[in-house]
Amino acid sequence: MRRVVITGMGIWSCLGTDLETVKESLFQGRSGIVLDQDRIAYGYRSGLTGLVETPVITKQMLDRHTRAGMSEEAQYAYMASRQAFEQARIDDDYLRQHEIGCIFGNDSSAKAVREAAMLVDEQHDTALLGYGRVFQSMNSTVTMNLTQIFHLRGVNFTVSAACSSGSHSIGLGAMLIQQGLQEMVLCGGAQETNPYSMTSFDALGVFSVRMDEPAKASRPFDKDRDGLVPSGGAAALVLEDYDHAIARGATILAEVTGYGFSGNGGGISEPSEDGSVIAMTRALKAAGLDVSDIDYINAHATSTPQGDMYEAIALNRLFHGQHALISSTKSMTGHECWMAGASEIVYSILMMQHHFVAPNINFEAPDPYTEPLNLATKTIETEVHTVLSNSFGFGGTNSALIIQSI
């Protein structure tokens, strides 16, 4: 099969809206989480959230007609994709002359749906919804907008797989390139950050209520973790056939060597030790690697009592006694949901490039399940060549990716 490399990446997150700022946030262990009093006033149990900058998309960038069809998450994805194509040295002429695919993870567009419903409820006239709302409200809002804006004529679909969406998008894009069906695919994940998208999660009681110190609320693997913190934005990566990248003189950032997946087959919101192990084992097998080859694991760990426990059990089954360092960047970002599997690949590549492992901040004491983990609780300057990144989601959807430096 063909080799798959990453030649461009972009990020729009609570850690920053450019790669350099995000790298510094990761290195410094800087949290992007704040307390939003408007969420409390709206009726949330927890007002904690990742603070993501609102994109400013001008008429010089995109015309009004195009902007009218863009949801919040599509705007984030557009800004991240601009960065990714720029880093990959893909300009408008290249986009128009070559077939490039697009697969993004996205599993909601709540704000657009809610606003449309409210307008019709108030005015009783669907004609007032205008042209763009249908394109904002569909789960495929991200890919339909990106393919129009960037003239992408290859594979074109959205992965809706809960919090594994962004990771599966990269895995599926890599498979298409490996099989010779595409030479280049824009992959990633996007997550809206408006309060409407997270009300049902808050109702489940899965959010941290440690609101007195927002930056300390997300505590993956810590014994006093009390829930996740919602966040979002977008991450984009240009995946490319290795020979194609070399022929056009592209700079290779990393290689995607392993993709593993599984389904838990149990309760709709129950994590699974076995499902996690299967996904990781498949990724290792696909990459032709052993557990001893992994330098760093970007854990899924969201800071929930049950989810972190099951992942800790799975990690200990495979990696106990191995040298791989483990951290969850969600300690700084909160849970970026549909984008997390993609953004955490960006974060991991930044660590590769700058020779460090980002810390699992806010870890103060282990519980019996997390105590054996080889956690990086502060920034560790070290060579990182091979990374395993985990993403697990509601509905029992699991994804594991392995990337390696070249």
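Which residues in α1 meet which residues in α15?

## Packing of α1 and α15

In this predicted model, L19, V22, K23 and L26 of α1 meet V346, Y347, L350 and H354 of α15. By residue class, this contact comprises six nonpolar residues, one polar residue and one charged residue.

Helix α1 spans residues 19-28 and helix α15 spans residues 340-354; their axes come within 10 Å and cross at roughly 80 degrees. Angles from 65 to 115 degrees count as roughly perpendicular, and α1 and α15 are therefore roughly perpendicular to each other.

## The ten-stranded sheet

The model contains an open sheet of 10 strands with mixed pairing, arranged in the order β5-β4-β6-β7-β1-β8-β14-β13-β9-β10. The edges are formed by β5 (156-159) and β10 (325-327); each has a single partner strand, so one side of each lacks a neighbour in the sheet. On average, neighbouring strands are turned by 25 degrees against each other, direction ignored.

## Salt bridges

Across the whole structure, 16 salt bridges are found. One of them links D92 and R96, with an N to O distance of 2.8 Å. These residues lie four apart in helix α5 (residues 92-97), and are therefore separated by about one helical turn. D92 is partly exposed, with a relative accessible area of 38%, and R96 is likewise partly exposed, at 48%.

A salt bridge also connects R39 with D36, where the closest N and O atoms are 3.5 Å apart. R39 is buried, with a relative accessible area of 3%, whereas D36 is partly exposed at 22%. The side chains of D222 and R219 form another salt bridge, at 3.2 Å from N to O, and both of these residues are buried.

How values were computed. Residues numbered from 1 in each chain as written. Predicted model: local features only at pLDDT ≥ 70, side-chain atom pairs only at ≥ 80, totals over all residues. Heavy atoms only, no water. Axes fitted to C-alpha atoms, helices over the stretch in contact; angles between N-to-C directions. Helix = DSSP H or I, 4+ residues; strand = E, 2+ residues; numbered from the N terminus. Parallel < 35°, antiparallel > 145°, perpendicular 65-115°, else oblique. Contact = heavy atoms within 4.5 Å. Nonpolar A, V, L, I, M, F, W, Y, C, P; charged D, E, K, R; others polar. Salt bridge = Lys/Arg side-chain N within 4 Å of Asp/Glu carboxyl O. Buried < 20%, exposed > 50% of the residue type's maximum accessible area, 1.4 Å probe, protein only. Pairing = 2+ DSSP bridges.
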